[in-house]
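Visitor: I would like to learn how to read a sheet and a pocket. Please show me on an example.

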Amino acid sequence: MPLWCAFDGDADRLIAVDHTGAIIDGDYIMFIVGRYLNEKGLLNHGTVVSTVMSNLGFHSYSTFVL
């Protein structure tokens, strides 16, 4: 399935769009990558560190992992 990504001017943020046109925000991307890395045993104590700019969405997604 295709996934399109758009970066801001200095490429420190991105937003993705899936094959249906649904927007995948950065918090969900962080959740997906964190879950994958945790399943592979690649996270230190299963911890994902984010900035204060991360929002409640990431926290909501992360409750599904536990």
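Guide: The model shown is predicted.

Visitor: In which sense do β1 and β2 pair, and over how many bridges?

Guide: In general, strands of a sheet pair through backbone hydrogen bonds, and the pairing is either parallel or antiparallel. Here β1 and β2, residues 14–17, pair in the antiparallel sense, over 4 bridges.

Visitor: What do β1 and β2 form, and how many residues lie between them?

Guide: They form a hairpin, with 6 residues between the two strands. In its turn, A11 has a positive phi of about 60 degrees.

Visitor: How many strands form the sheet, and in what order?

Guide: The open sheet has 3 strands, in the order β1-β2-β3, with antiparallel pairing. Its edge strands are β1 (4–7) and β3 (23–24), each of which pairs on one side only.

Visitor: Now the pocket. How much space lies in the largest pocket?

Guide: About 360 Å³. Its lining includes D12, R13 and L14, along with S50, T51 and N55.

Visitor: Which helix gives the largest share of the lining?

Guide: Helix α1, residues 26–39, gives the largest share, with 4 residues. Also among the lining residues are G26, D27, I29 and M30.

Visitor: How do the lining residues divide into nonpolar, polar and charged?

Guide: The lining of the largest pocket has 4 nonpolar, 5 polar and 3 charged residues.

Notes. Residues numbered from 1 in each chain as written. Predicted model: local features only at pLDDT ≥ 70, side-chain atom pairs only at ≥ 80, totals over all residues. Heavy atoms only, no water. Pairing = 2+ DSSP bridges. 1 Å grid on protein atoms, 1.4 Å probe; cavity = no way out; pocket = protein on both sides within 12 Å on 5 of 7 lines; lining within 4 Å. Points joined across faces, edges and corners; volume = space filled by probe spheres on them. Nonpolar A, V, L, I, M, F, W, Y, C, P; charged D, E, K, R; others polar.
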